[in-house]
Amino acid sequence: MINVAIIGVTGYTGLDSIEILLRHPQAEITYITSSTKEVLPIESVHPKLAGRLKLDVEPLDFDELASRADVALCCLPHKVSMSYVPEILKRGVKVVDFSADYRLKDLSIYEKYYVPHTDPENIKQAVYGLPELYREQIKTASLVANPGCFPTSSTLGLVPLLRNGYVETDTVIVNSVSGATGAGKKLADGVHFPNLNENIRPYGIATHRHGPEMEQIASEAAGKEVSVLFQPHIGSFDRGILSSIYCRPAKEISAQELLELFNGFYADEPFVQVFDSPVSVKDVANTNQCHIHPARVKGQIVVFAAIDNLVKGASGQAVQNMNIMSGFDETLGLK
Ligand SMILES: NC(=O)C1=CN([C@@H]2O[C@H](COP(=O)(O)OP(=O)(O)OC[C@H]3O[C@@H](n4cnc5c(N)ncnc54)[C@H](OP(=O)(O)O)[C@@H]3O)[C@@H](O)[C@H]2O)C=CC1
Ligand SMILES: CC(=O)N[C@@H](CCC(=O)OP(=O)(O)O)C(=O)O
């Protein structure tokens, strides 16, 4: 049995983390906090939890956290997390961090897309939390950097191809659509109901910070530099990401062989399913699954990957990582 703290519990990923942990047979939520300066009953923040979780949201006290928790799920925004994580690690508590603060190994890339980093030392020990690729390293990690939601879907769709040299690495195109919860609970311009309802629009054109994150993982998988052209869109639905990935083949592979490649690669993975038919966000909503459909189209390779941005893209993947770090069956709480 482990005790778990959730920091940033008043947001979307905080709520989904609670939902998952309430079903977890080996984990108990013992400490929940946000930027609050006063004690808040959890049902005043998330009415959905009334009668289901007997715990108040408390002002953060690092010593109190360390006295009550073995692992912290840190659901804080980018740029904020790096001032909390070192304080938690220092007190011997393991961390799964949801932000981008420990994902990028190249500090200059982090600082180009975010801000100057205040905790570069801990980047060195952080393990990128995509279990399908880094399971062995996650087992012994004290700090896991949970991947971005767009990079989770696109990387799972690309890696079987990159590992086996099937695609040209000079330009891989990732075209993704996300639901509105991807933007967090703060009201951003394009997420205002009349702007988004029955609408879809591209954003972050040529500037989105997930492009370099995808390039880091794709390049590690390929063993050489991979250039990713990433274009996100936001659409009129609550949760889910669909990524369509376009690649030029580097060697011949039939549609049947492509399917066999993906089926073989993910045969033992509990959270990746391969389909010979289109995948969709509704089929993965509220699950930790990634559904993938690889296809040959006009001589090119096109891979479609669907996840729930809040589950496999955030809280579910974090619990999967927490399970691996704790020596548990990694599916606990997630099936
Ligand atoms: N939403 C998604 O689909 C995904 C999100 N992520 C990442 O997960 C993290 C959380 O995202 P999400 O839940 O959507 O975000 P939300 O905006 O919904 O919630 C943010 C949380 O952080 C707390 N917080 C904000 N600023 C501070 C601060 N200065 N000090 C202490 N607490 C603070 C908020 O508390 P308060 O209510 O007190 O302000 C709230 O609990 C982010 O890093 C995000 O990038 C990753 C993958 C997918
Ligand atoms: C729809 C939407 O706005 N999505 C967010 C990405 C989700 C997220 O929280 O970013 P990380 O995965 O890096 O943590 C965005 O594009 O900024």
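Helices (H or I, at least four residues) and strands (E, at least two) are taken here as DSSP runs and are numbered from the N terminus. The structure described is a predicted model, in which local features need pLDDT of at least 70 and side-chain atom pairs count only at pLDDT 80 or more, whereas totals for chains, interfaces and linings use all residues. Residues are numbered from 1 along each chain as its sequence is written, and chains are lettered from A and ligands numbered from 1 in the order in which they are written. The mean pLDDT of the protein, pLDDT being the predictor's confidence in each residue from 0 to 100, is 97, and 100% of the residues reach 70 or more. The scores of the model are ipTM 0.98 and pTM 0.98.

The protein is divided into domain 1 (2–147 + 313–325) and domain 2 (149–309), with bounds that come from an automatic or database domain assignment. Taken over C-alpha atoms, the centres of domain 1 and domain 2 are separated by 24 Å. To the contact between them, domain 1 gives 18 residues and domain 2 gives 23 residues, two residues being in contact if their C-beta atoms, placed from the backbone, lie within 7 Å. On the side of domain 1 that touches domain 2, the elements giving two or more residues are α5 (107–113), α7 (131–139) and α12, and the largest share, 5 residues, comes from α12. By class, this side of domain 1 has 10 nonpolar, 5 polar and 3 charged residues, where Ala, Val, Leu, Ile, Met, Phe, Trp, Tyr, Cys and Pro count as nonpolar, Asp, Glu, Lys and Arg as charged, and the others, Gly among them, as polar.

Around ligand 1 there are 28 residues, of which Gly8, Gly11, Ser34, Phe98 and Gly184 come nearest; a residue is near a molecule or strand if its C-beta atom, placed from the backbone, lies within 6 Å of it. At least two residues of this shell are supplied by each of α1 (12–22) and α12 (311–325), and the largest share, 3 residues, belongs to α1. Domain 1 and domain 2 each contribute at least three residues to the shell around ligand 1, which by class is made up of 10 nonpolar, 16 polar and 2 charged residues. The shell around ligand 2 consists of Ser99, Ala100, Gly148, Cys149, Ser178, Gly182, Ala183, Pro232 and Ile234, and by class these are 5 nonpolar, 4 polar and no charged residues.

In soluble globular proteins, nonpolar side chains tend to be buried together. A nonpolar core is a set of buried Ala, Val, Leu, Ile, Met, Phe, Trp, Tyr and Cys residues joined through C-beta atoms within 7 Å, and a residue is buried if 20 or more other C-beta atoms lie within 10 Å of its own, exposed if 12 or fewer, and partly exposed in between, with C-beta atoms placed from the backbone. The largest such core has 89 residues, and those with the most contacts inside it are Ile6, Ala72, Cys74 and Ile292. At least three residues of this core are drawn from each of domain 1 and domain 2. Apart from neighbours within four places in sequence, Ile6 is in contact with Gly14, Ser17, Ile18, Ile29, Ile32, Leu73 and Cys75.

Val9 occupies the loop between β1 (2–7) and α1 and counts as buried because it has 28 C-beta neighbours inside 10 Å. Residues up to four places away in sequence not being counted, Val9 touches Gly14, Ile18, Ile32, Thr33, Ser34, Val57 and Cys75. Ser67, by contrast, is placed in helix α3 (residues 62–68) and is partly exposed, since 13 C-beta neighbours lie inside 10 Å. Val9 and Ser67 are 58 residues apart along the chain, and their C-alpha atoms are separated by 18 Å.

Two loop residues other than glycine have positive phi values. Lys79, in the loop between β5 (71–74) and α4 (81–90), has a phi near 80° and is partly exposed, with 16 C-beta neighbours inside 10 Å. Glu198, in the loop between α9 (193–196) and β10 (200–202), has a phi of about 55° and is exposed, with 7 other C-beta atoms within 10 Å. Glu198 is also among the residues in contact with Ser236, together with Leu196, Asn197, Asn199 and Ile200, when neighbours of Ser236 within four places in sequence are left aside. Ser236 itself lies in the loop between β11 (228–235) and β12 (241–247) and counts as partly exposed because 15 C-beta neighbours are found inside 10 Å.
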